[in-house]
Amino acid sequence: MQRSREKLEREKMEEQNQCKKKLRVCVATCNRADYSKLAPIMFGIKSHPEEFELEVVVLGSHLIDDYGNTFRMIEQDDFDIGSKLHTIVRGEDEAAMVESVGLALVKLPDVLQRLRPDILVVHGDRFDALALATAAALMNIRILHLEGGEVSGTIDDSIRHAISKLAHYHACCTRRAEQHLIAMCEDHSRILLAGCPSYDKLLSPHHRDDHMDIIKSWLGDKVQERDYIVALQHPVTTDIQHSIKIYGLMLDALLSFNKRTLILFPNIDAGSKEMVRVMRKKGIEQHPNFRAVKHIPFEQFIQLVCHAGCMIGNSSCGVREAGAFGTPVINLGTRQTGRETGENVLHVRDADTHNKIYHALELQFGKRYPCSKIYGDGNAVPRILKFLRTIDLDEPLQKTFCFPPVKDSISQDIDHILETQSALAVDLGGTNLRVAIVCMRGKILKKYTQPNPKTFEARMHLILKMCTDAMRDAVCLNCRILGVGVSTGGRVNPQEGVVLHSTKLIQEWCSVDLRTPISDALQLPVWVDNDGNCAALAERKFGHGKGVENFVTVITGTGIGGGIIHHNELVHGSTFCAAELGHIMVSLEGPECSCGSHGCIEAYASGLALQREAKRLHDEDLLKVEGMDMKLSEPVTAAHLISAARMGNSKADAVLNKASTALGVGIINILHIVNPSHVILSGVLASFYQAPVQRIISERALFSAQSIKVVTSELEEPALLGAASMVLDYATRRTY
């Protein structure tokens with residue numbers, strides 16, 4: 001009975017094994033480079049027909065004659081190609097790369113639906129591989145990604161990480177790449193540290209007896225081992241023109257170095273056509289020292305790299321596979337920035353002339369370095385096959401990410417929200433240029449002041465420098481800058497951010513576009529307006545105008561300006577000339593104004609007008625009174641005039657009375673036109689003018705306007721706060 005029971009169990013196990021489904025693995029290869037990594041895995045899968053069923057899909061540059069029709073080497077390796085997809089749109093520029101991805105996405109669904117693989121194996125960081133991963137992910141096909149987590153330059157870096165996020169499983173090459181994948185929140189249990197599959201061939205005995213035959217077949221009979229150069233350089237798609245320049249410099253250096261050189265054509269990336277033109281323009285294909293080829297079978301290519309005196313270019317082969325042989329490598333440009341490399345690699349990241357590259361050739365050519373095993377120990381394929389066996393097709397397909405723990409926020413602080421949302425405010429004055437970081441509550445967190453340069457170029461340079469410094473400091477202050485507001489003198493078109501023409505205080509400042517250069521430099525939205533309008537906006541948001549529907553702000557400083565808020569909106573006028581309050585005429589025969597007219601408020605009541613009158617009285621020896629402290633070397637200002645009037649100087653008092661009357665009459669004209677509920681006086685003379693203006697309104701205005709209240713601004717920096725308010729109103733979605 002025992003023997004009978006054991007027999008039944010054996011038969012049952014055999015039946016289960018026979019019913020066990022083979023894992024249907026689809027390997028997709030796009031170019032000669034990725035096939036060198038995928039081929040060892042394909043051979044490994046093919047050698048276990050009882051466990052795996054292999055499907056091969058070929059696309060990309062494999063099928064293009066200009067790149068060697070490299071699909072033939074797959075057929076020569078005795079693999080049955082299930083599908084050949086012509087997916088490359090010729091043009092070798094950025095648009096062609098995008099169109100190629102789109103074409104692949106159009107063709108792949110039919111193939112994947114027909115093959116129905118359990119898992120799709122994709123390699124690396126090419127745009128073709130991105131199309132494969134996208135199609136498979138959308139069709140609920142599991143993806144195994146090779147060489148994820150690595151870092152390099154160009155758009156390939158972004159593509160590699162994008163594929164990693166689409167992939168369900170990862171076979172990476174280095175410990176650092178594994179850590180990068182974990183940092184990208186990939187599930188640790190689905191990451192295999194395998195090493196590079198191509199190293200399984202590279203680290204097997206690589207000194208083939210026929211290596212000299214291979215060298216001579218490609219480079220000629222007279223070439224000796226370690227006395228030739230292998231050159232392979234591809235475009236850098238994120239900086240095509242610079243990579244073409246370095247390619248030309250490399251060719252110049254190789255021509256000068258005068259060694260036999262095997263040069264491979266660049267890959268199909270954007271910019272490759274231009275690189276080929278450079279090569280042909282320099283006559284490389286006809287030069288006796290060069291052999292230019294489109295493709296070399298991988299097993300022969302690694303023999304050529306193994307026995308070369310030097311390898312030069314920016315191919316990943318230089319920083320990866322060449323290390324297995326200790327071949328000296330010169331890596332040019334930024335395409336492999338961030339790659340892990342052995343001591344055999346000498347970087348030339350930038351070069352203005354070919355001399356730097358020539359010197360690198362002198363340093364590297366003919367050297368030998370220890371074998372590097374950074375990218376593998378020669379056992380990647382057995383690890384990957386074992387990993388494939390462990391994949392459970394019954395587990396959920398949906399990816400889960402392992403995010404690091406984050407402390408839950410159980411409450412929020414409104415003060416923190418208000419303080420961190422901030423604006424960059426710029427006040428372009430006649431004397432000083434000021435920049436400030438202003439938070440939502442109107443608090444100036446940090447202020448910068450510099451003398452305003454006289455020339456346009458110097459002024460723009462200083463504005464951008466101060467704004468950049470403030471942006472850097474804002475990070476330390478925990479401020480999120482929402483935009484930039486600019487307050488400036490003169491007439492401004494706020495819709496376009498252009499100063500149409502400015503005051504005499506700021507020379508060479510007409511038809512100046514302030515918005516574009518600041519926005520381009522800081523990558524932030526920018527608002528520009530007249531300083532008087534900004535003062536009104538500051539009052540509306542932070543001052544006496546808060547919650548007031550109609551009010552007027554009058555700035556009494558060096559000049560006279562202001563802004564009008566009507567129905568909660570700033571009045572600009574049809575030609576942006578509204579609220580030029582300083583140029584309301586109160587007399588037909590008054591003193592000359594800076595605008596060229598006569599009898600303007602500014603000609604009577606501005607700081608410059610009062611200073612002019614004070615100097616006149618001083619010159620006539622009529623200003624100083626007993627008890628008045630005035631140093632001989634001290635310049636005469638409006639403050640001296642006010643001080644003299646308060647101490648009983650009738651001449652000074654008469655001047656101030658005339659100035660107050662002119663200002664009061666001008667404000668009455670405003671009251672009779674727009675009928676605001678408040679008049680807010682701002683600027684250094686505001687406190688002096690407040691009482692006289694209120695009195696003149698009560699005496700001379702229409703009865704219905706006599707009760708309108710005149711108040712003095714309590715804001716210390718109205719120009720900066722007004723500039724900031726343009727940004728902060730935008731941030732809270734208020735219409736401006």
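The second largest cavity is lined by Gly149, Glu150, Val151, Thr174, Arg176, Ala177, His180, Gly338, Arg339, Glu340 and Tyr375. Here a cavity is a set of points, on a 1 Å grid over the protein atoms alone, where a 1.4 Å probe fits but cannot get out, and lining residues have an atom within 4 Å of a point. This is a predicted model, in which local features need pLDDT of at least 70, side-chain atom pairs count only at pLDDT 80 or more, and totals for chains, interfaces and linings use all residues. Residues are numbered from 1 along each chain as its sequence is written, and side-chain values use heavy atoms, with hydrogens and water left out.

The largest cavity is lined by 39 residues, and Asn31, Ala33, Asp34, His234 and Ser316 lie nearest its centre. Domain 1 (20-202) and domain 2 (205-364) both contribute to this lining, so the largest cavity lies between them; the domain bounds come from an automatic or database domain assignment.

Helix α9 spans residues 211-219, and its buried residues are His211, Met212, Ile214, Ile215, Trp218 and Leu219. Buried means under 20% relative accessible area (1.4 Å probe, protein chains only), while helices (H or I, at least four residues) and strands (E, at least two) are DSSP runs, numbered from the N terminus. Just after α9, Gly220 takes a positive phi of about 105 degrees.

Methods: Buried < 20%, exposed > 50% of the residue type's maximum accessible area, 1.4 Å probe, protein only. 1 Å grid on protein atoms, 1.4 Å probe; cavity = no way out; pocket = protein on both sides within 12 Å on 5 of 7 lines; lining within 4 Å.
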